[in-house]
Structure formats: structure tokens, C-alpha cells
Amino acid sequence: MKNLQAINVTVLLSLMLSLGSVCFAQPRSAHQKHHPKAGKGRMGRGRMGKGHMGRGHRGRGERELYPKLISLPDLSPEQRVKLRRVSYTLMLRGLTLMLESVDDLFRASIDEDLDRMHSATLRLRTGLKQFESALATTRAIEQGASPRNEALRWFKSELHLLPPVGQERKTLIFGMSPFHLTICSVLVIFMILMLWMYVHKMKKAASLLQTLQNVPPPSPKTQTLERASAHQEVATPRSGKWSGQLKVGSIFSETPNVKTFRFVSPDESPLPFAYLPGQFLTLSLKPDDKVVKRSYTISSSPTQRYYCEITVKREEHGLVSKYLCDHLTEGGTLDISAPGGRLTFTGKEADSIVLLAGGVGITPMMSVIRYLTDIGWPKDIYLFYSCRHPEEFIFREELEYLQARHPKLHVLVTMTKAKKEEWPGPRERLNKTLLSEFIPDISSKRVHICGSVPMTAAAKSILSELGLPKEQVKSESFGGQKKKGTQAQTEERQEPTEVTQAPKEGVPQVTFQKSKKSVDLPHDKCILEVAEENGVDIDYTCREGTCGDCIVKILSGEVNMECEDGLDPEEKAQGFALACQAKSTKDVVVDA
Ligand SMILES: Cc1cc2nc3c(=O)[nH]c(=O)nc-3n(C[C@H](O)[C@H](O)[C@H](O)COP(=O)(O)OP(=O)(O)OC[C@H]3O[C@@H](n4cnc5c(N)ncnc54)[C@H](O)[C@@H]3O)c2cc1C
């Protein structure tokens, strides 16, 4: 017990010294102002009674003051003065409580009253806390210490979140630990890398777009060659065409005597050639003992990259059309070369287009219409279609569908053999009135014609009467005047043997240079006919001057051509001619 008393005395003395120094460290004026009897406090401690301090103020002061510290920057000057007054009062109360507790502790230890000693210790701690909170508030107000930090420090210490003194975390730049700094640096580097990659990719995409925009649209020949070179089944292209096998994917019945054949790549890849709306393909097949070739316009749209379609009218005595319609089945393959033909329209050639079609001549028009509606061409499309009976109306449903969805597609159909009750529309043949009423300002438009030979001729003459310049009118007819009876071509090629005919008086000579043949060229015969008669191989398809397949170079001499639709002006300037049209009154040398 003596030891305990000694400890109490020591504790009391040191506490009194430290409290005294704290107390006297406060501004004297302020201290005296708020606590004029502060000096008497110690004298009157016996009278105040321990219960008063313990009950009235225990733990309440610091709870009131620390929250006030948090909001101190927002306090008005008056509120600050008030708070300073409160904190001085609280400091004094805390001090008084501590002195009383020490006194009580001293007495209790003399009396060896353990309960009192315990209660005195608790009050001593409460007094210290009050004093601390009041001191922190006063410091924050008078010494400029951050009130928020003071309050936070207190809360952390209450929750035991502060590290032991002397072991505070070492901070580096911006108050971050090395670990945080490393993580942040990695994140920043990653972000910069991602940004750089994004900018790099955008630049690459922009330059690719630029390149694509600067590339001129490829010609049909280039497209064919490019695609052909990427395809494995390519045969050596002749005249820039792709040749190879395609599979019959599907067959559709359009009318009682018209069928559509859909061709696909055997390996189901995109088509090995590209084409323009209006071009045709040529089939080589052997319906009997001979290989024959027939051309058919591609009726589908080039926007379909996985298939192309032809639409064939079954001719009652036709060799190929009958074979196709009666015997060809889905899954079979055919030898095909494509594309061919110059009668194309992609929407860039003119601001509006007039399509005049008769019977199966609607096939190239359908490709144009499908393509233009697929790409959303915003200009007017006029289709004038002539056929005999409503049941022969090819693509009727699709045209009605397209018309309903494309207000710029205007369709007029005339049924020349239909009865009144069978067809509510016009039933007359193509004529000036019908055409000019249907198409406003027709003379300014580009016109494509495809139908039978008589229909094409009639249309041309009507258009001429309506004032259309010849250059605005392009035509094709499937039923060409076959000088050899049919369109068939045999595959056998003859080796060139030198032939020189004795020239007849007044009859010009044609020399086929490659074939080493010089023969008569009668005035009424074209170069193609003379070539065929003498075993000179020149390709042909339409024999109408429209497809351009029989193009040959005239090495010397001059020729006249009735129709030269299948020839570009540049080709003509370079000395090329269409063998099916070229006639001459003078000697000519041909590169064939
Ligand atoms: C560029 C181009 C594109 C073409 N596009 C298409 C198209 O999209 N759709 C289409 O259907 N056609 C098209 N053709 C026509 C096609 O090429 C064929 O000419 C057509 O299919 C007829 O060929 P075929 O072998 O059946 O008839 P062929 O055997 O060549 O006979 C030709 C014609 O003579 C008739 N004939 C033959 N023998 C006799 C006989 N003993 N007595 C009476 N008449 C006879 C036939 O009925 C037929 O009308 C196109 C032609 C060209 C040039």
C-alpha cells in the first residue's frame, strides 16, 4: 500500500505540472476573459463535488466539439467566437475534473478504497478527453491548424486506426506510398498505350478509306481478271472473261414457259467474276453430239455476290433453251464464261433511265431495276414492258413489290393479245402517245431497248420521232438474224492454212493476218460472215453489234458499221471494229 501511495503522489505531481503548463500556455487574456475565477478553481474543488462533473459533462463535450470541427471552414466569424468560448470553458472543466479526480484518487488510495480509486481514474480519463478536444478546437481556431484534420485524427485514434507514433507510413510524391505509386504509373502507361493504339488504328482506317475513295471503279474486264485470279477453277480467260464451272443452285418457274436458273460456285464461295447490270454470260453445253454456246443475260443484281441468275424462255424448237428448261436439274454443273456485253447501266451514265422491254427482253432490265433499287438510286426509273398475255408477265410479283417500295420506279405494262377483261391496263403496241404520256420529257432521257427484232426496230423509230438523239438510245435483241441458221458454235478450231483467192474484179479483199488468209469481201457481207465461210475463228454472240464479242482490230483499210453500240469511242479511234457489222468497199487487213 505504501508503494501505491508513492505512485499516486508521483502521478499527481507530474500531472499537475503538465496540466499547469498546458493551462498557462493558453492566451492569458482569453483565459481570464472566459474564466475569471480559473485560479480559484483548484481552491473550490472540494465544494464542486465529483458527481456534478462526472454526470453533467462526461464524454459530452468532445462529442459536441469534434463534429463542429469538421464543419469549421463553413462557420461564420460569430460562430467561431462562440465555439472558442465553448472550448475554453470545456478545457477548464476538463482540467477541474482531472484535478478533482487526482485529489479523490489520492484520498481513496490513502483510505485504500479500491472502488473510489477506480471511479476517480475513470473521471480522470474523461477530464483528459474533454481537455484534449477543447485544446484541439482552440488550436484549430487560433493557430490555423486544419480543423477537419484535427477532427479526423481524433476519430481515427478513437477507432484505433492511427499507426503507433513513430511508425507512420512514409509518403512519397503526392502523399502516395511506393506501392500506390507503382500501380498508378502502370495504369497511366496502359492508358497512354491504349490511346496510342486507338489513334494509330483510326489513322490506318482513314488512310485505307482515302485509298479506296481514290481508286477508280474497275472496268468489267479488270473485275473479271482480278476475281478470276483469286479463284482456283479458272480456265485461261479469253477476251478478259472468266471461264469455268458453276453449279445450278436452284431453278424457279416464272411463267409456263420461262424458267430462272440460279448459278452458284461449286464450293459455295462468292462468284468468281463480277459483272454490271445488263451483261450476259455464255453457256457451253452438249445437248446432243455437238458442243454449242448460247448467251443469256444475267437477270439478277450484281449486288448478290454469291449467285447469278439467268431467265430463259423455252423455245419450242430451240436446242439449248429446251434442254435447259426440260432437262437441267439442281446440283448439275455447266461450263460458263462471263461477263460479256456493253449494254449496261449502273446509274452513273445518266440522271434517269427509260427501259423498254418486250417478252423475255425484260431480263437485262430486271438486273438494272434490281441493282438500282438495291443501291437506293434516287432518280426516276421508267419501265415500259410489252407482252402478249398476263400469264406471260415475267417477274410480275417482284415488280409490283418493288414498285410499292420505290416511288421512283414507274412501270407501265401493255398486253397486246389480252382481252379487255383480262387486263385493265393498255393493250396496244408500243406507240408514240403511250410512251410520251407515260414518260415526261422523254427526249432528254437515256433509253435502253431489249426485245424482238421488230419490237426493237419499232421502238427506235418512235424514239427518233420523239426527238431522241441516237447516242441516247441503246438496244439489244435476243433473236438476232442468224446468218448461219443458229447461234451454235463448235469448239473445234482449225489450224491456219495459207489461203489466197484470186481477187475478183471490183470485189475488195479481206486479209486475215493471223490465219494467213486473203479472200473476197463482197459488199453485202460482213467480215464475220466471210471469216466463218473461210474457217477463220472470230468470237461472236449477238450478231447485232451490241454485245461487242466479235471485236477485231482493222490493221489497214476502212470499214462501215450499221450498229456500233458494242464499241467504245476510244476503241473505234484505236482502229477496232465489230466483225458482225463491218463491211467495206475497199481492201482491208484484219488481226484475226
Ligand atoms: C446477248 C444475248 C442475251 C440473251 N439473253 C437471253 C435471255 O435472257 N433469255 C432468253 O431466253 N434468251 C436470251 N437470249 C437468246 C438465247 O441466246 C438463245 O438464242 C435462245 O435461248 C434460243 O436458243 P435455242 O438454242 O433454244 O434455239 P436455237 O436452236 O438456236 O433456235 C433459234 C430459234 O429458231 C427456232 N427454230 C430452230 N429450229 C427450228 C425449226 N426446225 N423450225 C422452226 N423453228 C425452229 C427456235 O424455236 C428458236 O426460236 C440472248 C441472246 C443474246 C445474244
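Hi everyone, let's start with the overall fold: the protein chain has 18 helices and 17 strands, taken as DSSP runs numbered from the N terminus, with helices being H or I of at least four residues and strands E of at least two. Please keep in mind that this is a predicted model, where local features need pLDDT of at least 70, side-chain atom pairs count only at pLDDT 80 or more, and totals for chains, interfaces and linings use all residues. Residues are numbered from 1 along each chain as its sequence is written, and side-chain values use heavy atoms, leaving out hydrogens and water.

Of the 592 residues in the protein chain, 43% are buried, meaning under 20% relative accessible area with a 1.4 Å probe, protein chains only. Among contacts (heavy atoms within 4.5 Å) with a separation of 6 or more, 67% join residues 24 or more positions apart.

Now to two residues I'd like to show you. His448 sits in strand β10, residues 446–451. Is His448 buried or exposed? His448 counts as buried because its relative accessibility is 2%. Not counting residues up to four places away in sequence, His448 touches several others, including Leu343, Phe345, Ile353, Met365 and Lys474.

Next, Cys580, in the loop between β16 (576–578) and β17 (588–590). With a relative accessible area of 10%, Cys580 is buried too. Leaving aside neighbours within four places in sequence, Cys580 is in contact with Cys526, Leu528, Arg543, Glu544, Gly545 and Cys550. And how far from Ile551 is Cys580 in space? The two are 8.5 Å apart, C-alpha to C-alpha, and 29 residues apart in sequence.

Technical notes
Buried < 20%, exposed > 50% of the residue type's maximum accessible area, 1.4 Å probe, protein only.
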